[in-house]
Amino acid sequence: MSEISYGEFGYDGNGQAEDVLRWALDTYHPRIAIACSFQHAVLIDMALKIRPDARVFSIDTGRLPEDTYECARDIERHFGIRIEWFFPRHEAVQEMMRKSGPLSFRESLTARRECCAIRKVEPLTRALSELDAWITGVRREQTATRADADKIEIDEAHGGIVKINPLSDWTYDRIRAYVKEHRLPYNTLFEKGYASIGCACCTRPVGPGEDTRAGRWWWEQPEHKECGLHVRNWQI
Ligand code: SF4
């Protein structure tokens with residue numbers, strides 16, 4: 001991921017999240033979309049106030065928690081929008097399940113990355129192939145691998161498109177405060193002790209004082225806790 005000179009994109013880089021979003025939507029719509037993993041709807045709320053036809057997409061890995069589907073439904077109803085869903089290629093899922101079984105991802109880092117590659121990374125790559133820019137909820141405090149996330153980056157892992165992270169400097173508490181103030185839909189797993197939400201079988205609640213990503217792939221080392229969606233040089 002390369003940092004870029006904001007100036008070359010006609011943006012001074014000093015704005016709040018809404019300013020970054022406005023610039024991005026003005027510059028790239030309709031070839032820009034928000035990637036939503038249904039943790040909260042802060043970015044969707046901000047973007048739709050700027051452009052009511054802003055696009056939102058998501059990846060259904062086939063193993064999402066029920067609460068996440070309920071959050072997706074609530075977001076569609078609240079904003080009156082439809083999510084652009086992308087799914088894994090069924091042939092690849094079928095082959096992996098037949099070859100390695102339904103819980104192969106717990107047996108090794110390689111197997112876990114194979115599952116993420118098939119269920120998340122390939123559909124994301126397909127989704128991004130239609131875009132010039134994408135908007136994410138990546139925040140620096142989430143994990144060691146996101147600590148240097150900039151608000152605007154060149155995403156070399158996805159063909160050099162522009163990656164916008166308007167909330168990169170936001171804290172978890174600030175997200176919660178925005179959701180509460182604007183009465184937005186959110187994933188009810190947060191009320192059950194979850195601090196970061198992914199597939200049902202790879203996510204669990206965290207204890208007091210634990211890192212927000214501690215509940216993701218809890219059997220792995222912290223430096224491995226990425227699914228391939230937001231890493232620079234990730235390989236299976
Ligand atoms: S988070 Fe788990 S189930 Fe989901 S794609 Fe990755 S390894 Fe597979």
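How many helices and strands are there in the protein chain? There are 6 helices and 7 strands. My notes follow.

1. **Basis of the model.** This is a predicted model, in which local features need pLDDT of at least 70, side-chain atom pairs count only at pLDDT 80 or more, and totals for chains, interfaces and linings use all residues. Residue numbers start from 1 along each chain as its sequence is written.

2. **Overall layout.** Read from the N terminus, the elements of the protein chain follow the order β-α-β-α-β-α-β-α-α-β-β-β-α. Helices (H or I, at least four residues) and strands (E, at least two) are DSSP runs, numbered from the N terminus. The protein chain has 236 residues, and 38% of them count as buried. A buried residue has 20 or more other C-beta atoms within 10 Å of its own; an exposed one has 12 or fewer; partly exposed lies in between; C-beta atoms are placed from the backbone.

3. **Contacts along the chain.** Take the contacts in the protein chain with a separation of 6 or more. Residues 24 or more positions apart account for 68% of them. Here a contact means two C-beta atoms, placed from the backbone, within 7 Å.

4. **Helix H1.** H1 covers residues 17-28. At 1.5 Å a residue, its 12 residues should span 16 Å, and the end C-alpha atoms are 16 Å apart, which agrees. The expected span is 1.5 Å times one less than the number of residues. Its buried residues are Ala17, Val20, Leu21, Trp23, Ala24 and Leu25. Among the elements that cover them are strand S2 (32-35), H2, S5 and S7.

5. Pro30 sits in the loop between H1 and S2. The peptide bond from His29 to Pro30 is cis, with omega near 10 degrees. Please look at this bond in the model.

6. **Phe38.** This residue lies in the loop between S2 and H2. Phe38 is not a glycine, yet its phi is positive, near 60 degrees. Phe38 counts as buried because it has 23 C-beta neighbours inside 10 Å.

7. **Helix H3.** The 14 residues of H3 (residues 66-79) should span 20 Å at 1.5 Å a residue; the end C-alpha atoms are 20 Å apart, in agreement. Thr68, Cys71, Ala72 and Ile75 are the buried residues of H3. They cover an arc of only 100 degrees around the axis, so they lie on the same side of H3. The arc is taken from the directions from the helix axis to the C-beta atoms. The cover over the buried residues of H3 includes helix H2 (42-50) and strand S3 (55-59). On the face turned away from the buried side are the exposed residues Glu66, Tyr69 and Arg77. Just after H3, Gly80 has a positive phi of about 65 degrees.

8. **Glu91.** Where is Glu91 placed? Glu91 is in helix H4 (residues 90-100). With 9 C-beta neighbours inside 10 Å, Glu91 counts as exposed. Glu91 and Ile118 are 27 residues apart along the chain, and their C-alpha atoms are separated by 9.9 Å.

9. **Ligand shell.** The ligand has 13 residues around it, and Phe105, Cys115, Cys116, Cys199 and Cys202 come nearest. A residue is near a molecule or strand if its C-beta atom, placed from the backbone, lies within 6 Å of it. The shell divides into 7 nonpolar, 2 polar and 4 charged residues. Ala, Val, Leu, Ile, Met, Phe, Trp, Tyr, Cys and Pro count as nonpolar; Asp, Glu, Lys and Arg as charged; the others, Gly among them, as polar.

10. **Ala147.** The loop between strand S5 (133-135) and S6 holds Ala147. Ala147 counts as exposed, with 10 C-beta neighbours inside 10 Å.

11. Strands S6 (residues 152-155) and S7 (residues 161-164) run antiparallel and are joined by 4 bridges. Two strands pair if DSSP finds at least two bridges between them. Ile154 stands opposite Val162 in S7. The hairpin has 5 residues between the strands, and Gly159 takes a positive phi near 75 degrees.

12. **Trp217.** Trp217 lies in the segment after helix H6 (172-181). Its phi is positive, about 40 degrees, although Trp217 is not a glycine. Trp217 is buried, with 23 other C-beta atoms within 10 Å.
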